[in-house]
Amino acid sequence: MSGHIVTDLSPRMFSQGAYSYNHVYTPTDVSLVLEYARLRGIRVIPEFDTPGHTESWGKGQKDLLTPCYNGEHPSGVYGPINPILNTTYDFMAKLFKEIGTVFPDDYIHLGGDEVDFTCWKSNPNVSEFVKKQGIWYSYAKLESYYIEKILDTVSSLNKKSIVWQEVFDNAVKLQPDTIVEVWMGFMYQEELRKVTKEGHQAILAAPWYLDLISYGQDWKKYYSVEPLDFPGCKSQKELVLGGEACLWGEYVDATNLTPRLWPRASAVGERLWSSKNVTDIADAYKRLNEHRCRMLR
């Protein structure tokens, strides 16, 4: 699921921030998705990504986002969530409390990826806050300050957290049961080594970005990945829970969703659900071709 979810907390967030009313999940929509999944043995884990990727939130929630500055004056543009205001954490606590009641899973994905620090750097109030905190213009540490508060909030709700790898890379103080999702680049094996060496469970997404299109049958490269092929001992390998085939929406909508997703995701599924020694691409092709026909029917 991707889109705005209607909450009791701030109806203005969805009414003003959504692309259109048709791009909103109502409480009924969410309950139908949860029940549909439950009957099929599927867990629905929500991701509410902060402090970045939140531009639309600010349209209906006053003072949530950081005002960017052009020199000494506000530019009229807003950046990531404002980490220096107590009202920010009051709002997030209420939001996650509601999320925790709506979604029954033990885990909530907190995001934490792709945070642009430019706006924080431009804002004199944020700069002064960083100085007073003694973290001296380290905006990665400011992000860590924010994330740690959100992790504590989620933990207080008896929920566990999943975060993107930047949170781990920026040395955020994570709870032992926090799962780190590895998504960046060609060096994901080294990232898996680092994450598992610290005793954290991991989810691997880096090799399986279905929104990235290449010429030809790119399912073969998805199928050829061995998730546990990284430096580490047996106990580290056991911390890798599995993987995620990601399909982000920058270049995907209802007109091309299905051909982007299937049967390419089936190749990822077979890779993750198969024994390590099941690697014959020609043999897999027969099954995937048959499965494609099954889905078309």
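**Entry 1. Helix α12**

I began with α12, which is mostly covered, with 8 of its 10 residues buried. Buried here means under 20% relative accessible area, exposed means over 50%, and partly exposed is what lies in between, with a 1.4 Å probe and protein chains only. Helices are DSSP runs of H or I with at least four residues, strands are runs of E with at least two, and both are numbered from the N terminus.

I note for the record that this is a predicted model, in which local features need pLDDT of at least 70 and side-chain atom pairs count only at pLDDT 80 or more, while totals for chains, interfaces and linings use all residues. Residues are numbered from 1 along each chain as its sequence is written, and side-chain values use heavy atoms, with hydrogens and water left out.

I listed the buried residues of α12 as R264, A265, S266, A267, V268, G269, E270 and R271. I then looked for what covers them, and found α9 (219–223), α11 (257–261) and α13 (281–296) included. Contact means heavy atoms within 4.5 Å.

I picked out S266, which sits in α12 (residues 264–273). S266 has a relative accessible area of 11%, so it counts as buried. Leaving aside neighbours within four places in sequence, I found S266 in contact with L288, H291 and M295.

I followed H291 next and placed it in helix α13. Its relative accessible area is 27%, which means H291 is partly exposed. I took the C-alpha to C-alpha distance from H291 to W262 as 9.7 Å, for a pair 29 residues apart in sequence.

W262 is joined to P263 by a cis peptide bond with omega about 5°. I located P263 in the loop between α11 and α12.

I also checked N256, in the loop between β9 and α11. N256 has 18% relative accessibility, so I count it as buried.

I looked up the UniProt record, an unreviewed entry, and it lists E114 under "active site". UniProt positions are given in the numbering used here, feature names are shortened, and annotations may be inferred rather than shown by experiment.

I found E114 in the loop between β5 (107–109) and α4 (118–122). With a relative accessible area of 47%, E114 is partly exposed. Not counting residues up to four places away in sequence, E114 touches H53, E166 and W183.

I went on to H53, in the loop between α2 and β3. Phi of H53 is positive, near 60°, and the residue is not a glycine. H53 is partly exposed, at 46% relative accessible area.

In the loop between α2 (27–38) and β3 (65–70) I also placed P51. The T50 to P51 peptide bond is cis, with omega near 5°.

I asked which residues of α8 are buried. In this helix (residues 188–197) they are Y188, E191, L192, V195 and T196. Viewed down the axis of α8, the buried residues fall within an arc of 120°, so they line one face of the helix. The arc is that of the directions from the helix axis to the C-beta atoms.

I traced what these buried residues pack against: α7 (165–169), β7 (179–182), β8 (202–204), α10 (234–237) and β9 (240–243). After α8 comes G199, with a positive phi near 90°.

I noted A171 in the loop between α7 and β7. A171 is not a glycine, yet its phi is positive at about 60°. A171 is exposed, with a relative accessible area of 62%.

**Entry 2. Helices α5 and α6**

I checked how α5 (residues 124–133) meets α6 (residues 139–156): their axes come within 11 Å and cross at roughly 80°. That makes α5 roughly perpendicular to α6. Axes are lines fitted to C-alpha atoms, for helices over the stretch in contact, and angles run from 0 to 180 degrees between N-to-C directions. Roughly perpendicular covers 65 to 115 degrees, roughly parallel is under 35, roughly antiparallel is over 145, and the rest are oblique.

From α5, I found V126, S127, F129, V130 and Q133 in the contact, and from α6, Y139, L142 and Y145. I sorted the residues of this contact into 6 nonpolar, 2 polar and no charged. Nonpolar covers Ala, Val, Leu, Ile, Met, Phe, Trp, Tyr, Cys and Pro, charged covers Asp, Glu, Lys and Arg, and the others, Gly among them, count as polar.
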